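Subject: A structure for you to look at

Dear colleague,

Please open it first, and then read my notes beside it.

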Amino acid sequence: MSTHAITVGGYLVLLALGFVLWFTTRTDAHPRLTSLSKMFEHLLRYRGTRLGLIIFWWWLGWHFLVNVVQY
Amino acid sequence: MQNGSRHPVSLWVAAFALTAALQIFRGALEDTIIFVAGGLLILLSTNVLAKINLPSAKLTAGSNLDWAGMILLFALAFTPRHTFFNLGIFVLLLPLVLFMAWGAHSEPVRQLTKRDRATRFAWSAWAIVMCLWEFSANILGQLSKVPDAFPTISVLVDPILKLELGQAGFVVVWLLVGYYLLKAGIK
């Protein structure tokens, strides 16, 4: 198996795990975990988190729409 | 990614410092400046500037964000990428979104519950592993002599954005995320 396939496979496994985590908690009925939206609702009350997320969001747009991605 | 009111330094500062270090390794000067400046701003916002509040809700009130989103959608979804036009839009956008995200409060009134903490831990663990995988691919990719041996997320996503539909789809999702962050953050 090539390193390319392993790297892409790792991303897909992590995406699948994120989906499972979101799916199992989406109704906020899980006994040990709250939903992702509830967690964001709370975390976004911290200024540091708001700024961190909005700067990262802005950078993502910058990275793909302004900068040229280096291959 | 915040360690509550007991510690004035947000974990975002550490995350931005690590990302800046990676950008230095990549030789990406602009990205290094963005992450160093961003980390410094977050650090100041939770210390020296913690008591400075801004009327951010006035900018996000009513349908202001809806109109801004529509303008950005047409400006970014159907125009060529990597142009001075895009550069100008992003330079203008940054101070606006920083103002809107700053807000009139720096910390929540309610403390985290046990379930909140467990959820934060689970998603933080997921995000950290994802970042480590991406950072590793980035570092190994630069050390490797074989092109595309260790593709990063950017390398995998960029070809999709070369398609008109891919670029439009990316802009829509990107704008929706920004809209949610600003609307939910200012509540």
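The notes below take up each chain in turn and then the contact between the two.

Please keep in mind from the start that this is a predicted model, and that what I describe was computed from it.

I began with chain A, whose secondary structure consists of three helices and zero strands, so that is to say the pattern α-α-α when it is read along the sequence. Its C-alpha trace spans about 45 × 35 × 15 Å along the principal axes. The radius of gyration of chain A is 17 Å, whereas a compact globule of 71 residues would have a value near 11 Å. Of the 71 residues in chain A, 35% are buried.

Chain B is likewise described by helices, with eight of them and zero strands, and from the N terminus on its elements run α-α-α-α-α-α-α-α. Taken along the principal axes, the C-alpha atoms of chain B fill a box of roughly 50 × 35 × 30 Å, and 22% of its 187 residues count as buried.

Next comes the place where the chains meet, in which 44 residues of chain A are in contact with 60 residues of chain B. On the side of chain A that touches chain B, helix H1 (3-25), helix H2 (36-43) and helix H3 (47-65) each supply at least two residues, and the largest share, 18 residues, comes from H3(A). By class, the residues of this side of chain A divide into 26 nonpolar, 13 polar and five charged.

One pair of helices deserves a separate look. Two packed helices are described by the angle between their axes and the distance between the axes. For H1(A) and helix H6 (residues 114-143) of chain B, the angle is about 165° and the axes are 11 Å apart. Since angles over 145 degrees count as roughly antiparallel, H1(A) and H6(B) are therefore roughly antiparallel to each other. H1(A) passes H6(B) in a left-handed crossing. Among the residues that make the contact are A:Tyr11, A:Leu14 and A:Leu17 of H1(A), together with B:Trp126, B:Val129 and B:Trp133 of H6(B). This contact of H1(A) with H6(B) has ten nonpolar, three polar and no charged residues.

With best wishes

Terms used:
Residues are numbered from 1 along each chain as its sequence is written. Chains are lettered from A and ligands numbered from 1 in the order in which they are written. This is a predicted model: local features need pLDDT of at least 70, side-chain atom pairs count only at pLDDT 80 or more; totals for chains, interfaces and linings use all residues. Helices (H or I, at least four residues) and strands (E, at least two) are DSSP runs, numbered from the N terminus. The radius of gyration is taken over C-alpha atoms; the globule rule is 2.2 Å times the number of residues to the power 0.38. A residue is buried if 20 or more other C-beta atoms lie within 10 Å of its own, exposed if 12 or fewer, and partly exposed in between; C-beta atoms are placed from the backbone. Two residues are in contact if their C-beta atoms, placed from the backbone, lie within 7 Å. Ala, Val, Leu, Ile, Met, Phe, Trp, Tyr, Cys and Pro count as nonpolar, Asp, Glu, Lys and Arg as charged, and the others, Gly among them, as polar. Axes are lines fitted to C-alpha atoms, for helices over the stretch in contact, and angles run from 0 to 180 degrees between N-to-C directions. Angles under 35 degrees count as roughly parallel, over 145 as roughly antiparallel, 65 to 115 as roughly perpendicular and the rest as oblique. A crossing is left-handed if the near helix is turned anticlockwise from the far one by less than a right angle, and right-handed if clockwise.
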